Every structure is written in structure tokens, then in C-alpha cells.
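Trainee: Could you go through this model with me? I would like to start with the helices and then move on to the rings.

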Amino acid sequence: MWAEVDAAHYDLNTCLREAIVVFKSFLIALPESQLVVFQDAIREQSQLLEAHVLSRQPVIRHRRMTSIAGE
């Protein structure tokens, strides 16, 4: 079972690293005139997401952690 977790971690890490490279390439290839438009779009989406998250009830409540055998 741990071998599967290790393999999945490697695959996910590789995908993340490749996504970072593609994103950086996108930013470099993006014309300067579009950078401000892209930045404004990201900020707008972030603000909408923050407003949505703040309006939701907290899923995790403050409480004592349950004891787990072996820990």
C-alpha cells in the first residue's frame, strides 16, 4: 500500500512541477499589454472566491482532537 502512495506522490509532484513550467512559459509569452488584463482578472476571481469562502459556515469546528490508537 505504501508503494502505491509513494508512486502517486511522485506522479502528483511531477504534474505540479510541469504545470508550474507551463504557467511560467505562459506568463513569459503573454504580451505586456495583456499582463494588466490578466492580473486584474486573477484579482477579481480571487476576491469573488474570498467573498464566497467568508460567507460559508466553517466546516472545521474548534474542538479537541479524538485520540487515535497508535499515535
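Mentor: Before we start, helices here are DSSP runs of H or I with at least four residues, numbered from the N terminus. Keep in mind as well that this is a predicted model.

Trainee: OK, how many helices and strands are there in the protein?

Mentor: The protein has 2 helices and 0 strands.

Trainee: And where do Phe23 and Phe26 lie?

Mentor: Both Phe23 and Phe26 belong to helix H1, where they are 3 residues apart, about one turn of the helix.

Trainee: Now the rings: how many aromatic pairs does a search of the whole structure find?

Mentor: The search of the whole structure gives 3 aromatic pairs. In one of them, the ring centres of Phe23 and Phe26 are 6.4 Å apart and the planes are at 25°, so this pair is stacked.

Trainee: Why is that pair called stacked?

Mentor: Because planes under 30 degrees apart count as stacked, and the planes of Phe23 and Phe26 are at 25°.

Trainee: Which helices does the pair of Phe23 and Phe38 involve?

Mentor: Phe23 lies in helix H1 and Phe38 in helix H2, which covers residues 32–55, so the pair ties together parts that are 15 residues apart in sequence. Phe38 counts as partly exposed, at 25% relative accessibility, and ring pairs link Phe23, Phe26 and Phe38 into a cluster.

Trainee: Switching to the surface, which residues make the nonpolar patch?

Mentor: Phe23, Phe26, Leu27 and Leu35 make a nonpolar surface patch of about 320 Å². The largest share of that patch, 3 residues, comes from helix H1, which spans residues 2–29.

Trainee: What about the protein as a whole, how much of it counts as buried?

Mentor: Of its 71 residues, 1% count as buried. The accessible surface of the protein comes to about 7500 Å², and carbon and sulfur atoms account for 62% of that area.

Trainee: One last thing, what does the side chain of Ser25 reach?

Mentor: The side chain of Ser25 reaches the backbone oxygen of Val21, at 2.9 Å. Ser25 lies in helix H1 and is partly exposed, with a relative accessible area of 41%.

Terms used. Residues are numbered from 1 along each chain as its sequence is written. This is a predicted model: local features need pLDDT of at least 70, side-chain atom pairs count only at pLDDT 80 or more; totals for chains, interfaces and linings use all residues. Side-chain values use heavy atoms; hydrogens and water are left out. Patches are made of residues with over 30% relative accessible area and no salt bridge: like charges are joined within 9 Å, nonpolar side chains (Val, Leu, Ile, Met, Phe, Trp, Tyr) within 5 Å. Accessible areas come from the Shrake-Rupley method with a 1.4 Å probe; for residues, only the protein chains shown count as cover. A salt bridge is a side-chain nitrogen of Lys or Arg within 4 Å of a carboxyl oxygen of Asp or Glu. Buried means under 20% relative accessible area, exposed over 50%, partly exposed in between (1.4 Å probe, protein chains only). Rings of Phe, Tyr and Trp (its six-membered ring) pair if their centres lie within 6.5 Å; planes under 30 degrees apart count as stacked, over 60 as edge-to-face and the rest as tilted. A polar contact is a pair of N or O atoms within 3.5 Å; within protein, one must be able to donate a hydrogen and the other to accept it, and residues adjacent in sequence count only if both atoms are side-chain atoms.
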